[in-house]
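Have a look at the fold before you read on.

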Amino acid sequence: MTWTSTTYGAEFGADEQANGIRGFLNGGEYTPATEDAIYEALMVEYNNEVNDLLPEGATWEPATSQFTHPRGAEMPDHEEMTELFRVAWSRVESRYETIEAAALA
């Protein structure tokens with residue numbers, strides 16, 4: 001199987017997603033170390049959710065804003081990818097208390 005990657009833009013990269021996650025945590029009155037631990041746990045879960053929603057074999061590489069996938073795989077278009085990320089974050093957000101507790105254990 002041959003692999004390729006697709007890039008949709010910086011908005012799907014780690015830096016842009018971090019801004020959203022950090023914004024979500026803002027006001028949580030966490031120490032910097034606690035916020036970092038929760039952020040890392042949320043990012044792992046977010047990455048997992050995105051990957052679960054992508055076509056089979058495709059993975060999100062947040063550090064590079066790329067999606068690695070088998071050549072010929074039908075990848076979502078930009079609008080579909082935006083919706084996929086919204087759904088993935090919604091799933092993570094709905095489990096926030098559990099993720100937070102595990103990160104702080």
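**Notes on the salt bridges and their surroundings**

1. Let's start with Arg-91, which counts as partly exposed at 36% relative accessibility. The classes used here are buried for under 20% relative accessible area, exposed for over 50%, and partly exposed in between (1.4 Å probe, protein chains only). Glu-49, its salt-bridge partner, is buried, with a relative accessible area of 11%.

2. Before going further, a word on what we're looking at. This is a predicted model, where local features need pLDDT of at least 70, side-chain atom pairs count only at pLDDT 80 or more, and totals for chains, interfaces and linings use all residues. Residues are numbered from 1 along each chain as its sequence is written, and side-chain values use heavy atoms, with hydrogens and water left out.

3. Back to that pair: the closest N and O atoms of Arg-91 and Glu-49 are 3.3 Å apart. A salt bridge here is a side-chain nitrogen of Lys or Arg within 4 Å of a carboxyl oxygen of Asp or Glu. Arg-91 sits in helix H3 and Glu-49 in helix H2, 42 residues apart, so the pair links distant parts of the chain. How many salt bridges does a search of the whole structure find? There are 6. Arg-22 takes part in one with Glu-35 (3.3 Å, N to O). Because Arg-22 lies in helix H1 and Glu-35 in helix H2, this pair ties together parts that are 13 residues apart in sequence.

4. Arg-22 also pairs with Asp-36, and there the closest N and O atoms are 2.9 Å apart. Asp-36 is in helix H2 and Arg-22 in helix H1, so this bridge ties together parts 14 residues apart. Arg-22 is partly exposed at 27%, and Asp-36 is partly exposed at 38%. Leaving out residues up to four places away in sequence, Arg-22 touches Glu-35, Asp-36 and Tyr-39; contact means heavy atoms within 4.5 Å.

5. On the overall layout, the protein has 4 helices and 3 strands, in the order β-α-α-β-β-α-α along the sequence. These elements are DSSP runs numbered from the N terminus: helices are H or I with at least four residues, strands are E with at least two. The C-alpha trace spans about 45 × 20 × 20 Å along its principal axes, and buried residues make up 33% of the 105 residues.

6. Pro-70, in strand E3, has a relative accessible area of 12%; beyond its neighbours within four places in sequence, its contacts include Met-1, Trp-3 and Gly-57. Asn-47, in helix H2, is buried at 19% and touches Trp-60 and Pro-62, again not counting residues up to four places away.

7. Finally, the charges: there are 5 positive and 20 negative side chains, with Lys and Arg counted as positive, Asp and Glu as negative, and His and the chain ends not counted. Glu-74, Asp-77, Glu-79 and Glu-80 form a negative surface patch. Patch residues have over 30% relative accessible area and no salt bridge, with like charges joined within 9 Å and nonpolar side chains (Val, Leu, Ile, Met, Phe, Trp, Tyr) within 5 Å. Glu-74 itself is exposed at 71%, in the loop between strand E3 (66–70) and helix H3 (78–94).

How values were computed
Accessible areas come from the Shrake-Rupley method with a 1.4 Å probe; for residues, only the protein chains shown count as cover. The place of a charge is taken as NZ of Lys, CZ of Arg, CG of Asp or CD of Glu.
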